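The points are grouped by topic.

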Amino acid sequence: KTKDGFQAIGLTHTVDSGSASATTSLPNVFDNTHWTGYTSVYGTDPNTNTLWTVSGVNEAYYGIEVT
C-alpha cells in the first residue's frame, strides 16, 4: 500500500559476483509520509576487488531486498 501513514519500507541492494557479494542497506524509501529514491554505486567487483570488467558486469547478479 502506498497511502500516507502506512508502515515504512526500506531496501537493501545486493550484488553477487563469483563467490563474493556486496550489500548496501538503504534508509527507508517510504517513511510513512512520502517516497524517496536512492542509488548504490559499486565501483569495484566484490569478487576481485578491482574495477569491473565487461564480463564481470555481465555475469553478476543484482537484487533488491525489501526490509
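Strand 1 is mostly covered, with six of its seven residues buried. The model is predicted, and its elements run along the sequence in the order β-β-β-β-α-β, for a total of one helix and five strands.

**Pairing of strand 1**

- Strand 1 pairs with strand 2 (residues 20-25) in the antiparallel sense, over six bridges.
- Strand 1 also pairs with strand 5 in the antiparallel sense, again over six bridges.
- T12 illustrates both pairings: S25 of strand 2 stands opposite T12, and so does E65 of strand 5.
- A hairpin is formed by strand 1 and strand 2, with two residues between them.
- In the turn of this hairpin, G18 has a positive phi of about 60°.
- In a regular strand, side chains alternate between the two faces of the sheet.

- H13 lies in strand 1, which spans residues 11-17.
- H13 counts as buried because its relative accessibility is 14%, below the 20% cut-off for that class.
- The side chain of H13 is joined to the side chain of S40 by a polar contact of 2.6 Å.
- Beyond the neighbours within four places in sequence, the residues in contact with H13 are A22, T23, T24, L26, Y38, T39, S40, Y42, G63 and I64.
- The C-alpha atom of H13 is 9.1 Å from that of V66, although the two residues are 53 apart along the chain.

**Nonpolar core and burial**

- The largest nonpolar core consists of five residues, namely I9, L11, L26, V29 and F30.
- Nonpolar side chains in soluble globular proteins tend to be buried together.
- I9, a member of this core, touches N28, V29, F30, W35, V66 and T67 when residues up to four places away in sequence are not counted.
- L26, another member of the core, is also among the residues in contact with H13.
- Across the protein, 25% of the 67 residues count as buried.

**N49 and its backbone**

- N49 is found in the loop between strand 3 (44-45) and strand 4.
- The phi of N49 is near 55°, a positive value in a residue other than glycine.
- Most residues other than glycine have a negative phi.
- N49 counts as exposed because its relative accessibility is 61%, above the 50% cut-off for that class.

**Whole-chain contacts and surface**

- Among contacts in the protein with a separation of 6 or more, 51% are between residues 24 or more positions apart.
- The accessible surface of the protein is about 4,700 Å², and carbon and sulfur atoms account for 53% of this area.

**Confidence of the prediction**

- The mean pLDDT of the protein is 84, and 84% of its residues reach 70 or more.
- Confidence is highest in strand 4 (residues 50-51), at a mean of 96, and lowest in strand 5 (residues 61-66), at 89.
- Strand 5, the element of lowest confidence, is one of the partners of strand 1 in antiparallel pairing.

Conventions
Residues numbered from 1 in each chain as written. Predicted model: local features only at pLDDT ≥ 70, side-chain atom pairs only at ≥ 80, totals over all residues. Heavy atoms only, no water. Helix = DSSP H or I, 4+ residues; strand = E, 2+ residues; numbered from the N terminus. Buried < 20%, exposed > 50% of the residue type's maximum accessible area, 1.4 Å probe, protein only. Polar contact = N/O pair within 3.5 Å; in protein donor to acceptor, adjacent residues only side chain to side chain. Contact = heavy atoms within 4.5 Å. Areas by Shrake-Rupley, 256 points an atom, 1.4 Å probe, with all protein chains shown as cover. Core = buried A, V, L, I, M, F, W, Y, C linked by side-chain atoms within 4.5 Å. pLDDT = per-residue confidence, 0-100. Pairing = 2+ DSSP bridges.
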